[in-house]
Structure formats: structure tokens, C-alpha cells
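Welcome, and please take a moment to look over the model below.

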Amino acid sequence: MEKLTFVEVISKLNDFWSGQGCTLVQPLDAEVGAGTFHPATFFKSLGPESWKTAYVQPSRRPTDGRYADNPLRMQFYYQYQVLVKPTPLDIKETYLKSLSALGVDTKKHEVRFVEDDWESPTLGASGLGWEVWLDSLEITQFTYFQQIGGKELDKISCEITYGLERVCMFIQNKFNVFELEWQGGVTYGELHTKHEIEYSKYNFDEADIDMHLRLFESFEKEAKALAERGLVYPAYSFVLKASHVFNVLDARGAVSQNERPRYIGRIRALAKLCAELYLTK
Amino acid sequence: MKKSDFLLEINVQELPVSYIRPALEQLCRDFLKVLDEFNIEYDKKENLVSAGTKDRLLFYIKDVSAKQKDSCREIIGPPKRIAFDEKGKITKQGAGFAKAQGVEPEDLRVKTTQRGEYLFIEKKTKGRDTRDVLREIIPGIIEGMRFPKTMKWDDSGLRFARPVESVLVLFGKDKLEIKLGKVLSKKVESIEPKAYLRRVSKETLLDPDNRKNKIRKLILKAISSLGADRHIDEALLEEVNFLVDWPGVFVGEFDKKFLTLPEEVLRVSMAKHQRVFPVSKKGRLLNKFIAITNGRSLDIRAVKKNYEKILEARLQDSLFFFDEDTKKPFTENLRQLKDLIFQKDLGSMFEKTQRLKTLSFFVCEKLGLEGSLKKDIERAAELSKTDLVTHMVGEFPSLQGVMGGAYALKAGETPETAAAIKEHYLPHGTEDMLPKSLAGSILAVSDKMDNIVGFLGMGVEVSGSFDPFGIRRNAQGLIQVIKNKSLRLKTDEFIEHSIGLYGDKLKLPSSELKARVTGYIEDRIDFLAGDIRPLELKKAVLNTGCLDIVDAFNRLGELSSISGRRDFLEAAKVVERTSNILKGAKEKVPEDVDEELLREELERAVWKVYAGSKNRIEGLIEKEDYVSATREYADAFYKVLHEFFDNVLVNVDEEAVRLNRLALMKKINKLYSDRIADLALIPQIVVK
């Protein structure tokens with residue numbers, strides 16, 4: 001197997017999916033937990049029009065930080081997101097072809113589609129699909145959206161989310177993310193370890209709880225106010241900020257298991273508001 | 001008649017494992033039912049194949065008739081007197097019936113029924129071509145399949161568990177096209193059902209049971225080669241059975257250093273995260289696992305290496321957590337609990353453990369527990385939530401409690417304390433394991449009561465499927481544990497004490513909250529008591545009170561075991577009659593009987609019986625011997641009361657005498673209904 005670098009994997013995926021008619025867009029310039037939060041997915045999956053897109057989305061999940069000590073898990077990582085609407089029936093085959101394009105021999109290695117009902121409670125989004133396992137390593141989340149922003153969908157999008165680090169681990173046969181080759185001899189670790197350690201410290205130990213609690217209230221208020229004035233995208237950007245602030249509070253241990261549903265409910269209400277506004281425009 | 005084989009294949013994207021067996025059963029049942037309904041004959045059951053894999057549901061049946069059976073049906077028309085006039089000439093109505101049925105007036109016949117003479121015709125229907133019928137019924141069968149969750153994947157409106165890629169319907173030499181959403185017919189060249197089945201069977205092990213046996217054999221062979229314990233995780237086996245259709249096996253290995261991790265951590269990493277089978281020898285885990293693979297073109301060596309490396313990466317992670325967690329004294333986590341919110345309005349986890357300490361101490365007192373056990377429970381309560389701030393539970397939330405127990409033991413706490421911490425979240429559902437130790441049970445009921453009181457106290461309502469705080473699960477768990485260990489607690493005191501520990505944190509006033517908690521627990525006892533006959537017995541017992549949960553279940557059990565017996569019915573009759581007469585009373589009935597006012601000999605006899613048997617019956621109730629108490633009660637009162645009611649009028653005009661007689665009835669009624677069950681709620685009591 002040809003050992004593609006991290007950067008080469010991205011460019012192969014770009015080539016492959018643009019070859020499938022996807023519009024390549026750039027990452028969202030905001031702190032988000034997943035590629036689903038990008039307007040190119042969240043808003044574009046709502047209406048009846050056809051849409052195909054692919055992009056890299058740097059993602060943050062503060063609770064997943066491990067001070068760069070964990071070979072498989074980080075609070076910052078990269079997703080490769082594909083969204084196809086409407087969903088062609090051969091989308092699974094197309095996905096398998098994308099693995100071949102990356103040099104993965106899907107006959108010699110074991111590909112499993114393991115049931116996983118995906119849900120993003122903060123976005124009021126849910127779908128049915130699978131985790132894709134390659135020799136027991138989860139490399140992709142494969143979902144048929146059923147609901148976005150609390151709205152039951154008529155036209156169904158298929159979302160394919162590659163964990164870029166996981167894919168690279170497999171291809172480079174290195175099961176420690178920090179040892180992956182980024183490009184031209186530079187490792188993933190050289191670029192990310194310090195960042196990962198500092199953010200883990202920040203999320204778990206240093207983030208100012210009171211400030212974040214205040215920020216959450218302010219962002220929520222701003223999102224509502226902007227939505228009232230009909231400014232969909234700015235309103236939505238504040239929903240994302242509130243969502244991230246909540247994630248930091250969660251990592252900081254400032255939110256108990258029992259309190260989480262309420263915060264999530266508040267963010268979901270904002271996301272719904274934006275989805276409704278987007279559809280009326 | 002000409003017969004052909006039939007085959008239906010639904011090709012679907014990977015189905016959730018748990019959906020497949022029920023789907024196959026449903027497909028087979030519905031299909032045979034429809035064939036019967038449509039009068040299409042087939043080879044009964046033998047040679048029937050209902051089999052499938054993760055992405056293929058297949059149904060094959062031999063020798064299906066090429067045509068429906070002809071049928072003949074009588075259709076009744078108008079009465080003869082309306083259809084024909086006096087001269088025997090057909091009327092407008094008669095001709096109308098013939099026309100509507102598409103027959104000539106000559107074909108009309110007359111039949112004598114109970115209501116008189118009526119016109120009728122014999123309608124013969126020619127059996128249709130089976131292929132036409134199949135094309136018509138198959139879409140409905142597929143659309144009618146039920147799954148726990150269904151989805152849409154296009155805009156045809158069709159719903160299924162996962163997208164249906166294609167359908168194949170073969171009947172004899174014909175491939176039948178059916179209309180099902182936008183689903184296409186599978187592309188195959190002309191082939192007969194049997195040949196197709198053979199072909200598929202060459203590339204997949206279709207039959208779930210055969211496949212499972214094959215996998216079991218593969219695992220057992222691997223176990224033998226390792227000289228390990230012949231134990232297979234059955235739930236995992238069933239799951240894996242529907243992840244693979246052409247099973248292979250390999251034995252993987254991981255570094256021995258990971259065996260220092262608690263077994264639960266190793267098991268979760270293997271079974272849950274990679275769906276491979278842990279292996280143990282003489283009850284202790286080995287650094288080996290058995291993996292069932294799928295497909296025949298695999299490069300097993302490469303696959304195995306990946307499985308091993310991935311497992312080790314995960315275990316490395318766990319080991320790191322474990323080392324981190326055990327570096328500092330476990331009790332140091334206690335301080336961190338002050339920063340961990342239990343619930344915004346209910347304070348921190350630290351406060352919760354303080355409450356649990358007091359509450360479990362209270363439970364121990366009430367149960368008369370002393371000495372080291374009490375100390376162990378108190379200690380366990382204090383440490384019960386400390387594992388929540390460990391890395392390991394952060395990583396595997398499902399191991400909360402389990403890790404707390406393991407860490408406590410490692411930190412030198414007593415085995416009883418460790419066990420109590422480990423078990424206090426149990427049960428996770430009505431079917432789950434209950435705490436084994438008494439200490440764990442006491443901590444479990446204290447934790448659950450604290451949750452129920454806290455959440456309901458915030459004003460949270462539980463309705464139908466909406467129960468975000470798991471109040472239902474907590475209440476059911478509480479009842480199950482109390483019942484299982486026969487913890488004799490007065491629920492009202494328990495609730496009151498728990499409310500008191502929250503101080504002024506709760507929104508609802510204590511009296512209202514107490515009523516709510518009591519009501520909710522009663523509601524859950526009713527649910528957990530299940531199907532008890534007679535149906536009203538449950539209400540009769542629960543209305544009398546469930547302050548002592550163990551006693552409530554005892555009464556339910558004992559009374560339902562004798563509910564068909566004569567003495568039970570007699571006792572019920574006594575309660576019913578006394579209850580009825582009291583219902584009619586307009587004034588307040590006094591509590592005591594005035595012997596001076598007992599005028600009739602019969603009422604004096606009843607009073608004598610009461611005075612003579614009261615202590616004995618109450619004694620039996622104290623001993624919780626409800627079967628004997630019921631018999632004594634029936635023996636004492638049934639006959640004499642029968643006579644009394646036949647001969648003595650209770651509701652006489654003279655007020656003092658009337659009220660005195662009612663007071664006597666009240667005494668007799670309450671002797672049973674206040675303590676055992678209000679049997680007046682059981683309808684239509686007939687003593688034969």
C-alpha cells in the first residue's frame with residue numbers, strides 16, 4: 001500500500017469527491033464540534049434543492065482532550081465531510097471506491113458497517129446509518145439524515161464523515177496519531193502536540209467558569225436577537241459560539257450529567273430557530 | 001395443477017443486528033398468511049427457507065400453485081316478495097340485483113332463510129394467475145414490515161430499517177417485477193428459485209442458526225488450541241452472527257502488561273469496541289482474544305496485525321488512565337467532588353455524598369444494623385461518587401461504580417465497602433442484576449431515594465416517554481432492591497428523612513413533595529406487581545397502603561395465591577357487605593361500639609365474635625400470616641354476619657341505635673380492610 005501523507009489523503013479525497021460532482025468548499029472559520037455544523041451541511045441539507053459538497057472541517061471536542069497522551073483521541077482533529085443530496089442508491093459503493101482511491105484494498109481488509117444511530121442533540125439533528133470499521137478501527141460515520149434543526153426532512157441527504165487521522169493511521173500503519181506523517185517528513189505531532197497539551201490544560205483546568213457561564217448567556221441572547229432581526233447567518237454563528245462555550249464548560253466539569261440536557265435543550269432551541277428562519281427566506 | 005417454486009429476496013444496506021431475526025420471522029409469517037388468504041396452495045412448511053444476513057432477507061417456498069383456487073360464494077339479494085310480484089314476474093328491484101351482480105334473471109335462485117325467502121346467486125370466481133397475485137401482494141408485505149426504527153432514503157415515501165437496494169422475486173422460470181417505492185428489481189439473468197438459492201448459498205452462509213453454529217465451532221476450536229475456559233459470551237456471539245456472512249477466525253494477542261488493568265476494562269475494550277471475544281483460563285483473562293472475521297479474500301495476517309495494534313492503542317490509553325488514577329490516593333478525589341455539580345439546583349456531588357452518608361446511616365438504624373457493616377456502608381456512601389472524577393470513568397462512563405469499587409479496594413478499603421460502591425448503581429433496568437451485598441443494597445436504595453426526591457423536588461414531571469432524569473428507573477430500582485433484600489423500611493419515614501436532608505434546596509413544599517414521591521412509588525409498585533388476578537386485587541392491596549414495600553408484595557402474593565378459595569371469597573363478602581352499608585351512612589359513624597345500646601341478640605352475638613377474634617386476627621396480621629388471618633376472619637364473621645343482615649335492620653330510625661350498629665360494622669370492616677386489603681373493591685364476589 002502506498003503510504004499517503006495526511007495532506008495527500010486530503011487531496012486524494014478532494015479529487016475523488018469533486019470527480020463525483022461535489023462542490024469543494026473551505027472549512028468554517030469557527031470553533032465547531034463536527035463538519036455537520038458547517039452551514040454547507042446544516043442549512044444546505046434543509047431545503048428541497050440538490051446539493052453535493054465536500055470539505056475539511058477542523059473540529060473541537062474539549063472533553064476529548066487527553067494532553068496528547070492518548071494515541072487515538074484529541075480535542076482538536078480534522079474531519080473530512082461529504083454531503084450528497086438526494087442520496088443515490090449506490091452511495092455506499094461510491095464510498096468504498098473512495099477508500100480504494102486512497103489505496104485501501106477493501107477485499108483484503110475487513111470493512112464493516114456497524115449500526116449507529118447518529119444524533120446531534122444540540123443541532124436537533126438525527127439520522128440512521130453506521131460507523132464504518134476498517135479492521136476494527138472506526139474510520140467513518142455514515143448517516144442518512146432524517147431530521148435537522150428539529151425539522152423532519154423530505155429530501156434525504158447522506159453524510160459521510162471521515163476521521164482523517166484514523167484513515168491516515170490505517171494507511172500509514174501507525175496507530176499513534178502524533179507519529180503520522182503530515183507532509184514531507186513533518187509529523188502530525190510536530191504540528192499539533194503543543195497545541196493539544198495546552199488546550200487540554202485550558203479546557204480541563206484553566207477555563208474561567210464564570211466567564212464561560214456569562215458568555216453562554218450573552219451568546220444565547222445575541223443569537224435570539226439577531227434571529228428576530230432576520231439575520232440568519234450571524235444568528236447561527238452565535239449558536240455555534242454558545243455550543244462551543246457549553247462544550248468547554250462541560251469539559252471543565254462545570255456541568256453535571258443531570259444539567260446537561262437543559263443546556264443542550266437551550267442550544268437546540270436556537271438551532272431550530274435558525275433552521276426555521278433559513279427555510280422561510 | 002401446475003406448481004412452481006417461489007423466492008423473494010430483499011437486498012438491503014446493513015441492518016441493525018437486533019432487527020434481523022424478527023424481520024425474518026415476520027416476513028415468513030406474513031407471507032404464508034397472505035397466501036392462505038388468497039387461496040394459493042403451497043408445499044406446507046417443509047422445504048421452506050427463511051434466512052438472512054446483515055444485508056439480505058430471503059424467503060423461499062417450494063411448490064406454489066400457478067393459480068389461485070377457484071372460489072364459489074353465495075350472495076344474498078332482496079326478499080323474494082319484493083323481487084317478484086304476485087304473478088311471479090320479476091320486479092324492478094329483482095332485475096336491479098341481477099344486473100348489479102352481472103347475471104341473467106334466469107340465474108337468480110331462491111333460498112329459504114330464517115327470515116323468509118330470499119334471492120341469491122352463486123358467484124364463481126376463477127382463480128387468478130399466481131404471478132399476478134404475487135405482484136400485487138408483495139409490496140404490501142414489505143411495506144408492512146415493522147422495525148423499532150425506520151427511515152427514508154428517497155422521496156418515494158417508502159420506509160424501511162435501512163435503504164432497500166433491490167428486490168428479487170422469482171416464480172418458476174419467471175422474474176416478477178414489483179412496484180415498491182423507487183426500488184429496482186435485482187439484475188439477474190433468468191434463473192429458477194432453487195438454482196438461485198444454491199448460488200447464494202455458495203457465497204454466504206445464509207441460515208442464521210447454521211452460521212451461528214459454525215461460528216461457535218470456530219471459537220471453541222480456538223479456545224481448545226489455547227487450553228482456555230470453554231466459555232462464550234452468548235450476547236456477543238449473537239451480535240457477531242449478524243455482522244458476518246462468511247465467518248473466519250483468528251486468535252489475536254496483546255502485551256501482557258495490560259493484564260494489570262481491571263478485567264471489566266479489558267472486557268469492554270475487546271467486546272464492545274472491537275467485537276472480539278475475551279479469553280480466560282481458570283477464570284482469569286489471558287492476553288489473547290478471538291476474532292471472527294468476514295469474507296474469504298482477507299489477508300488474515302494483515303487484518304490480525306491491525307486488530308492487535310488497535311486494541312493495544314486503546315489499552316495503552318486505559319493503562320495510562322489507570323496509572324494516573326491510582327497515582328494519587330483515591331480519597332483525594334473527594335475534594336474534587338465539590339466542583340462537580342450533581343444538579344444545578346441540588347448542589348454538588350460532594351453534598352450528595354454527605355446526604356447519602358446520613359441517609360444510609362438512617363436506613364441502617366431502621367434495619368437495626370450495627371457494627372462494622374454500618375461503618376462500611378457509611379464509608380462506601382462517602383466514597384460512592386469519587387470515581388466520577390477519575391480518567392477511567394471519563395473514558396468509559398458505563399464503568400461508574402465498577403471503577404469506584406476497584407479503586408477503593410486498591411486503596412485499601414474493606415471488600416464490603418468496595419462491593420457497596422461497585423453495586424450501588426444497580427439495577428440499570430428492570431431486567432438487570434440487583435446488588436448482591438446488603439451494603440450495596442442499602443447504598444443503592446439511599447442513592448435512588450435521594451435522586452427521586454431531588455428531581456421530583458425540583459418540580460420535574462414524568463410523563464410517558466419523557467423522563468430525562470431517569471426518575472422511573474430510579475423508583476423501579478428502589479422497589480426491586482427493597483423487595484429483593486426484604487428491607488423493612490417505612491417508606492414515609494424514608495421519604496421524609498430524605499427530603500429533610502436537602503434543606504431548603506427543593507422547590508416543592510415538603511408535604512406536597514412527600515405526597516408526590518409516595519404516589520409515584522405506589523404507581524411503580526403497581527407496575528412491577530405485574531399481572532395479578534383478580535385484577536382488582538392489586539388495587540385492593542395497594543389502597544390499604546404500601547408504606548412497607550416488602551409487606552405490600554407479601555400481601556399481594558399471599559392473597560392472590562388463595563383468591564380462588566372459599567375462605568377468601570367469604571372474607572371478601574364480609575368486607576364488601578360492611579363496606580356497602582357504611583357507604584350508605586349519612587352521619588359520621590363513631591369509632592367505638594356502646595355495649596349498652598346492643599339490643600338484639602344477634603347483634604350482641606356479632607359483637608361477641610368480634611371481641612373474641614379481634615386479638616387473634618390482629619396477631620396473625622402482626623406475624624404477616626395473611627392466609628391464616630383471612631381464614632380466621634372468614635370463619636369468624638361470614639356466617640354470623642349473614643344471619644345478622646337477614647334479621648336485623650341496621651338503619652333504624654332511632655339514631656343512637658343506628659349509629660351504634662354502623663360502628664360495629666365499621667369495626668369489623670376495618671379489622672381487615674385497614675390492614676390487609678380493601679376487598680370491597682373486588683366486583684361480583686360470589687360465595688358458592
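Predicted model: local features only at pLDDT ≥ 70, side-chain atom pairs only at ≥ 80, totals over all residues.

Residues are numbered from 1 along each chain as its sequence is written, while chains are lettered from A and ligands numbered from 1 in the order in which they are written.

Chain B holds 25 helices and 14 strands (DSSP runs: H or I of at least four residues for helices, E of at least two for strands, numbered from the N terminus). Its radius of gyration is 36 Å, well over the 26 Å that the globule rule gives for 688 residues, so chain B is more spread out than a compact globule. That radius is taken over C-alpha atoms, and the rule is 2.2 Å times the number of residues to the power 0.38. The C-alpha trace of chain B spans about 100 × 95 × 45 Å along its principal axes.

An automatic or database domain assignment supplies the bounds tabulated here.

| Domain of chain B | Residues |
|---|---|
| domain 1 | 3–68 + 129–202 |
| domain 2 | 71–125 |
| domain 3 | 208–310 |
| domain 4 | 334–529 |
| domain 5 | 549–681 |

The C-alpha centres of domain 2 and domain 5 of chain B are 68 Å apart.

Now to the cores: each is a set of buried Ala, Val, Leu, Ile, Met, Phe, Trp, Tyr and Cys residues joined through C-beta atoms within 7 Å. Buried means that 20 or more other C-beta atoms, placed from the backbone, lie within 10 Å of the residue's own. In the largest nonpolar core, of 245 residues, V239(A), A242(A) and C274(A) touch the most other members. Helix α7 (residues 232–251) of chain A gives this core its largest share, 12 residues.

Note on methods
Buried ≥ 20, exposed ≤ 12 C-beta atoms within 10 Å, placed from the backbone.
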